[in-house]
Amino acid sequence: MAGMAGMEQQTIQAEPGAPIEIESLCPRCENNGTTRLLMMEIPHFREIVLMAFECPHCGERNSEVQFAGLIGEKGRKYHLRVEPGDLRAINRQVVKSDHATLSVPELEFEIEPGTQKAQLTTVEGILSAAAKNLQQHQEERRKEYPEVAAKIDAFCEKLESCARAEMGFTLEVSDPSGNSYVESYEQDVAKDDRLTMTYFERTKEMSRKMGLKVEEEEPEIKPDDRTTVRTRGELSARAPPLRGATRTRLPS
Ligand SMILES: [Zn+2]
């Protein structure tokens with residue numbers, strides 16, 4: 001898997017010490033597998049927690065990135081230009097959080113927040129995974145809606161040809177949580193002539209969607225509502241809390 005392969009890339013180093021291992025249920029065969037929690041420092045970005053699950057019984061593997069409830073002060077927007085034949089560009093590492101919107105304007109293609117789990121992958125990995133997702137249920141579709149299926153096939157071919165850098169394209173990543181990242185091969189991103197990164201202020205609407213506290217008139221508190229309101233206040237200081245460490249998910 002792309003996310004797993006990312007662990008071997010030299011630009012990312014795990015902190016010394018063994019990863020934490022937790023026995024957890026395999027989502028595919030329901031036997032016990034192992035979830036490894038690994039802290040990783042990504043240069044020019046931040047520390048992330050990579051949760052990687054592996055099942056010795058059926059070979060199921062999946063991985064997910066977590067941010068321990070921390071979010072950036074500002075949103076981040078990346079703009080990456082990939083020229084045809086630039087294989088180095090499609091190998092750039094990408095961290096995609098749950099809040100990120102990814103788009104390829106040339107294909108009028110967009111991956112909305114929450115449609116793929118948070119992950120550590122590459123440009124190629126993102127596009128291949130998207131093509132794979134679209135291919136799901138294609139067999140049924142071919143029988144019932146052959147025209148739609150043909151359009152999807154044609155589109156997936158384009159996505160895959162982007163994933164292999166056979167055609168040039170632009171990848172845009174916009175993340176109001178600031179927790180997404182596109183690797184630069186330059187020490188100073190400002191010197192990267194293919195990649196730009198800009199910060200932006202979150203709008204109230206963006207914050208609300210992320211589950212953050214938004215400053216506005218407090219609703220009137222009725223005695224019965226007090227517990228709910230207090231709970232909401234406590235949670236709102238942070239992004240949604242770290243999910244259960246033993247939770248595993250099917251590959252997207
Ligand atoms: Zn299994």
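This note sets out numbered points on the structure shown above, which is a predicted model.

1. Confidence. The chain has a mean pLDDT of 82, and 78% of its residues reach 70 or more. Two stretches call for caution. Residues 1-14 stay under 50 in pLDDT, and the model gives them 29 contacts beyond four places in sequence. The pLDDT is also below 50 over residues 225-252, a stretch with 47 contacts in the model beyond near neighbours in sequence. Where pLDDT is low, the predicted coordinates should not be read in detail.

2. Overall make-up. Seven helices and 13 strands are found in the chain. Of its 252 residues, 38% count as buried. Among the contacts in the chain with a separation of 6 or more, 67% are between residues 24 or more positions apart.

3. The zinc site. Which residues coordinate the zinc ion? The donors are the SG atoms of Cys 26, Cys 29, Cys 55 and Cys 58, at 2.3 to 2.4 Å.

4. The arrangement of the four donor atoms is tetrahedral because the angles they subtend around the zinc ion are 105 to 113 degrees, and the criterion requires all angles to lie between 85 and 135 degrees. Cys 26 has a relative accessible area of 1% and is therefore buried. Cys 58, with a relative accessible area of 26%, is partly exposed. The cut-off for buried is under 20%.

5. The largest nonpolar core. This core holds 40 residues, and those touching the most other members are Val 65, Val 95, Val 123, Leu 127, Phe 169 and Leu 171. The core lies between domain 1 (2-66) and domain 2 (75-204), because both domains give residues to it. In soluble globular proteins, nonpolar side chains tend to be buried together.

6. Val 182. This residue lies in strand 12, which covers residues 181-182. Is Val 182 buried or exposed? Its relative accessible area is 3%, so Val 182 is buried. Leaving aside neighbours within four places in sequence, Val 182 is in contact with Tyr 78, Leu 80, Arg 92, Gln 93, Val 94, Val 173 and Leu 195. Glu 172 is 10 residues from Val 182 along the chain, and the C-alpha atoms of the two are separated by 9.6 Å.

7. Positive phi angles. His 44 is not a glycine, yet has a positive phi of about 60 degrees. This residue is located in the loop between strand 3 and strand 4, and His 44 counts as partly exposed at 46% relative accessibility. Glu 108, also a residue other than glycine, has a positive phi near 50 degrees. The loop between strand 8 (101-104) and strand 9 (109-111) contains Glu 108. With 77% relative accessibility, Glu 108 counts as exposed, the cut-off for that class being over 50%.

Conventions: Residues numbered from 1 in each chain as written. Predicted model: local features only at pLDDT ≥ 70, side-chain atom pairs only at ≥ 80, totals over all residues. Heavy atoms only, no water. Core = buried A, V, L, I, M, F, W, Y, C linked by side-chain atoms within 4.5 Å. Buried < 20%, exposed > 50% of the residue type's maximum accessible area, 1.4 Å probe, protein only. Domains from an automatic or database assignment. Donors = N, O, S within 2.8 Å, 3.2 Å for Na, K, Ca; no water. Tetrahedral: all angles 85-135°; square planar, octahedral: opposite > 155°, others 65-115°. pLDDT = per-residue confidence, 0-100. Contact = heavy atoms within 4.5 Å. Helix = DSSP H or I, 4+ residues; strand = E, 2+ residues; numbered from the N terminus.
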